[in-house]
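Please open the structure in a viewer and keep the selection tool at hand.

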Amino acid sequence: MDAALALSARGKGLTAPNPNVGCVIVKHGRAIGRGWTQPGGRPHAEAMAMAQAGEAARGATAYVTLEPCAHESPRGPACAALLIAAGVAEAVIALTDPDPRTNGRGAAMLRDAGIAVTTGIREAGARTAMAGFLARQALGRPQVTLKLATTLDGQIALADGSSRWITGPEARAHAHLERARHEAILVGRGTFEADSPRLDVRLAGLEARSPRRILLTRGPAPQGWEALAGPAAIGALEGVDHLMVEGGAATAAAFLRADLVDRLLLYRAPILAGAGLAAIGDIGLGDLAHAHGKWTLADTRMLGSDRLEVYLRG
């Protein structure tokens, strides 16, 4: 299942509105088929893995990060039906599909066909891997990641607005990788006018995965950009299950005030700026007691001389 979860990461930011699923077909202790949801949502992970396995899939075990779909689609057959037709003997599933068109029906179809079904294996990992899809299903909006690159004292720029570069090349490369895992990236009008940001992915081989560019504004968006009137409108972004918010301080504060941030990426450089521009504006906090318990540290690592901390909504 860990291998299937790793495969699912390849589709993150490319499969919406479908989930980024991973699948591994195993027989006699050897992987005979691997698959992950392809860009645009098709083929599904199971279809790709079974195409690799071929006739050898009969009697094998399918490890899949999300319950195989049970509904027919003009774009392809139900994955539960494909597994049954392939003759797999067992299906190991990380997470039940919350989509009402499947939600338990896929597993039931497999059991009714005599296939042994085990669920809940690496469920927490699957929830993390498919957090964007799950947010869309449960909340009607994408998962929102707020990215901040700051000095040790919490500044994102000097007092004159200069900010290139606070973090080093390793941290910046990681931030570009994160961009590649999001369908869309958003900045506020102030950041747009001050920095003219490209918001693309500048990593060799991943340039085509540059996200859609969203501008938080009540006016029209310039060419190549999409306008969003306010944080509450993110649910209307079609084909976006993962949204990255990159700046600036007022925009970060607006999303935090609206309680719409699910994940924090904090890149912290080992420098002090003193007087400068704070990373976040006023979020309406009136009592420090209300600030505790909001965030849980999920990961931390060194990127060159900079430290990355990843926090999830508590």
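Over the ring of which residue does the charged end of arginine 10 sit? Select arginine 10 together with tryptophan 36: the charged end of the arginine sits over the ring of tryptophan 36, 4.5 Å from its centre. The model on display is a predicted one. For another arrangement of this kind, select arginine 172, which lies over the face of tryptophan 165 at 4.5 Å from the ring centre.

**The open sheet**

Next, display the strands E1 to E5. They form an open sheet of 5 strands in the order E2-E1-E3-E4-E5, with mixed pairing. Strand E2 (30–36) and strand E5 (116–119) stand at the edges; each has a single partner strand, so one side of each is left without a neighbour in the sheet. From one strand to the next, the twist averages 15°.

Histidine 28 has a positive phi of about 50° although it is not a glycine. Most residues other than glycine have a negative phi. Is histidine 28 buried or exposed? Its relative accessible area is 79%, and histidine 28 is therefore exposed.

Follow the chain onward from E2 to proline 43, in the loop between E2 and H2. The peptide bond from arginine 42 to proline 43 is cis, with omega near -10°.

**The nonpolar cores**

Which residues touch the most other members of the largest nonpolar core? Select Ile25 and Leu110, which hold that position among the 38 residues of this core. Helix H2 (residues 45–53) gives the most to the core, contributing 5 residues. Beyond its neighbours within four places in sequence, leucine 110 is in contact with Pro68, Ala80, Leu83, Ile84, Ala91, Ile93, Ile115 and Val117. A second core, separate and made up of 20 residues, includes Ala184, Leu216, Ile234 and Val245.

Display helix H4 (residues 105–112) next. Helix H4 lies across strand E4 (90–93) and E5, and runs at about 150° to E5.

**Around helix H6**

Move on to arginine 122, in the loop between E5 and H5. Its phi is near 60°, a positive value in a residue other than glycine. Arginine 122 is partly exposed, with a relative accessible area of 45%.

Then select helix H6 (residues 131–139), where Ala131, Gly132, Phe133, Leu134, Ala135 and Arg136 are buried. Against which elements do the buried residues of H6 pack? They pack against helix H5 (123–129), strand E6 (143–150) and strand E11 (242–247). Just after H6, glycine 140 takes a positive phi of about 70°.

Within strand E11, select histidine 242. This residue is buried, with a relative accessible area of 2%. Apart from residues up to four places away in sequence, histidine 242 touches Lys12, Gly13, Gly132, Pro142, Gln143, Arg181, His182, Glu183 and Ala184.

Continue past E11 to glycine 248, in the loop between E11 and helix H9 (249–257). A cis peptide bond joins glycine 247 and glycine 248, with omega at about -5°. Most peptide bonds are trans.

**An aromatic pair**

How many aromatic pairs does the structure hold? It holds 1, formed by phenylalanine 192 and tryptophan 225. The arrangement is edge-to-face, with 5.1 Å centre to centre and 80° between the planes. The pair links distant parts of the chain, 33 residues apart: phenylalanine 192 is in helix H8 (residues 189–195), and tryptophan 225 is in the loop between strand E9 (212–216) and strand E10 (226–228). Both phenylalanine 192 and tryptophan 225 are buried.

**The hairpin**

For the last stop, select strands E14 (residues 295–303) and E15 (residues 306–313). These strands run antiparallel and are joined by 8 bridges. Tryptophan 295 has arginine 313 as its bridge partner in E15. E14 and E15 form a hairpin with 2 residues between them. In the turn, glycine 304 has a positive phi of about 65°.

Methods. Residues are numbered from 1 along each chain as its sequence is written. This is a predicted model: local features need pLDDT of at least 70, side-chain atom pairs count only at pLDDT 80 or more; totals for chains, interfaces and linings use all residues. Side-chain values use heavy atoms; hydrogens and water are left out. A nonpolar core is a set of buried Ala, Val, Leu, Ile, Met, Phe, Trp, Tyr and Cys residues joined through side-chain atoms within 4.5 Å. Buried means under 20% relative accessible area, exposed over 50%, partly exposed in between (1.4 Å probe, protein chains only). Helices (H or I, at least four residues) and strands (E, at least two) are DSSP runs, numbered from the N terminus. Contact means heavy atoms within 4.5 Å. Two strands pair if DSSP finds at least two bridges between them. Axes are lines fitted to C-alpha atoms, for helices over the stretch in contact, and angles run from 0 to 180 degrees between N-to-C directions. Rings of Phe, Tyr and Trp (its six-membered ring) pair if their centres lie within 6.5 Å; planes under 30 degrees apart count as stacked, over 60 as edge-to-face and the rest as tilted. A charge sits over a ring if NZ of Lys or CZ of Arg is within 6 Å of the ring centre and within 35 degrees of the ring normal.
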